[in-house]
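These are my notebook entries on a structure that I looked up. I begin with the terms and then take each part in turn.

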Amino acid sequence: MPDPVPEVAPRPVDRQPSRGVPDPLTRRSVAGPLWVAGALALLAVSMVAGLLGGAADISPRQVVLQVVDWLPLVHADSGLAPVEQGLLYEIRLPRVLVAAVVGGLLAVAGAGYQGVFRNPLADPYLLGAAAGAGLAATVTIVLLPAPAATIPVAAFAGAVGGVLLAYALGNTAGRAGGTATLVLAGVAVTSFLTAIQTFVQQFKVEELQRIYAWILGDVGGGWAQFWLVLPYAAVSSVLLLLHGRMLDVLSVGDEEATSLGVRAGRVRFAVLLAASLATAAAVAVSGLIGFVGIVVPHVVRRLAGGSYRRVLPLSLVAGAAFLVVADLIARTVIAPAELPIGVVTMFVGAPFFVAVLRMTRQAAT
Amino acid sequence: MIEITALSVRLGGREVLTEVGLRVPRGEWLAVIGPNGAGKSTLVKALMGLVAHRGEITLDGRPGAALRPRERARLVAYAPQTPALPPDMTVFEYALLGRTPYIPYLGRESRRDKEITASVLDRLDLTGLAARRAGELSGGERQRAVLARALTQQAPVLLLDEPTTALDLGHQQQVLELVDRLRLADGLTVVTTLHDLTVAGLYADRLLLLAGGRAVAAGEPGQVLTESLVGAHFGAHVTIEPGPGGRPVVQLVRGGP
């Protein structure tokens, strides 16, 4: 028998007590640096581990002392023999630094693309950068007699060319600056350039191994590789980091961003430019290293919140740490042989990614 | 405050608005009503400079076409029909976006921007939710968060496209009362599209009835909400009687049209 008199309750008020976060003004300013400090510590540990990796008789303490000794105006005695010092300085240190720079670039570019397209599946290779670089590198390997030094240059040009092609196609096919057509154009360009690349590589089957070795990625190019990528890395990542607040504004949609006085098309173009430059620089020196640009920003977002002002810098640092560790695994797990680093990022990244997704979904429900 | 003359908008080769004119004095509330597809949202978007148009739009005595986006954003705050609240952003971060027209392109918010945002949240009873993620808000809370973002813009004109869609009766009243209070306290000029005619007549000073992209009637609620006008342009069979306070109450007649 239902109650004839319905219970008249006062309409619930939306206001609810805050959950132990007293002052929103200070919340960001406390949490932000903490996360960055944590990520930097992670990066430092991974870099020391990267310097240690593979050697049986160098201790972590010696590595730290040796790193301190390399710093200008500081002297520390690591007790390492000159041969060991040379090994660390000429081989391991540039390798760790290249891995860090490339990982940081790919992750921060991925975060930038995800912000521009407001799509969690966007990655650094979305707009044809990978396919363009792959084609250019393949053509260089197949056609030129001594291509080792020219591959990065060709790959860089190919990556930039792929992105420009996709951008031009996206703008002529649809409304200028619209994101959906741009993504579709990227898909079309990628398929087309990959088809040409496959066609070209069939001409010299004996070069297939070199082509695949390049495609699967390598960060062992020494100091030359590091100095080659550094200027592009600096320019593109500074540009991206500066756009954090603008990407937050874009995340409310184009119309609302416009109503806030922001020219959405211009912001998008600037971020695409910077992210594509970062991608091209990373691809040029290290080949196609997959998954970093998707996994790292997502993990960062899940753990530290969605504001791009936090996601961009944390992705840069965490991406660097991730690739240093991936490289360490790549050169130790089947030592003395090496795995391609791209295999490791996908092999380790995919399950890790799924684990983080599951973990945070459970926490949310 | 707002003056529009002979506004026409073409979208996808179709004329959505034809020669619409309107005038809203400072501090007044205008509700734009009309059947689905009449061009209500397009009118609001034209005011925001979001769609290309012919005709003149004057905001605060200045021609709209000459306003730079940032200048326009300091004059007019806009809340769309279905606002996108980034689920990972906190209410405070979201409301703070309203300060964008005052912050340089690559700059960051000042202490003052944060204080203004905090005081707006306080006025809207949102302080307790400031650190809550937008994805965890209820419908009524979302609508207030969107209103908070619009108010931190500190613009003299508030454009709200269907601010009460998807809200229950109590939350509709809460949002509209809030807008009314803010309008009276700050002297805001308010333009809303509203699909509930009785509600529109209850809150707005003046109504503009759009049908087929044309302004077919404008004036005080009693002049626009008549059985013949509503019957003709909505294709609805209604009775309209003055309610308490003299504002018209629109009721459907069962069995019509």
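I first noted how elements are named: helices (H or I, at least four residues) and strands (E, at least two) are DSSP runs, numbered from the N terminus. I then read chain A along its sequence and found the pattern α-α-α-α-α-α-α-α-α-α-α-α-α-α. Chain A has 14 helices and zero strands.

I recorded that the model is predicted, that local features need pLDDT of at least 70, that side-chain atom pairs count only at pLDDT 80 or more, and that totals for chains, interfaces and linings use all residues. Residues are numbered from 1 along each chain as its sequence is written, while chains are lettered from A and ligands numbered from 1 in the order in which they are written.

Entry on burial. I call a residue buried if 20 or more other C-beta atoms, placed from the backbone, lie within 10 Å of its own. By this rule, 48% of the 365 residues of chain A are buried.

Entry on the contact of the chains. Two residues are in contact if their C-beta atoms, placed from the backbone, lie within 7 Å. I found 29 residues from chain A and 32 residues from chain B in the contact. On the side of chain A that touches chain B, helix 1 (24-52), helix 9 (244-250) and helix 10 (254-259) of chain A each supply at least two residues. Helix 10 of chain A gives the most to that side, with four residues.

Entry on the sheet. Chain B holds an open sheet of four strands in the order 2-1-4-5, with antiparallel pairing. Strands pair if DSSP finds at least two bridges between them. I noted strand 2 (14-24) and strand 5 (62-63) of chain B as the edge strands, each pairing on one side only. Strand 1 (residues 2-11) of chain B is joined to strand 2 of chain B by seven bridges. Ile4(B) has Leu22(B), in strand 2 of chain B, as its bridge partner.

Entry on the helix at the sheet. Helix 1 (residues 40-48) of chain B packs on the sheet and touches strand 1, strand 2 and strand 4 (54-59) of chain B. How many of the nine residues of helix 1 of chain B are buried? I found eight, among them Val44(B), Leu47(B) and Met48(B). Leu159(B) is in contact with Val44(B), Leu47(B) and Met48(B), among others.

Technical notes: Axes are lines fitted to C-alpha atoms, for helices over the stretch in contact, and angles run from 0 to 180 degrees between N-to-C directions. A residue is buried if 20 or more other C-beta atoms lie within 10 Å of its own, exposed if 12 or fewer, and partly exposed in between; C-beta atoms are placed from the backbone. Lists of a residue's contacts leave out its neighbours within four places in sequence.
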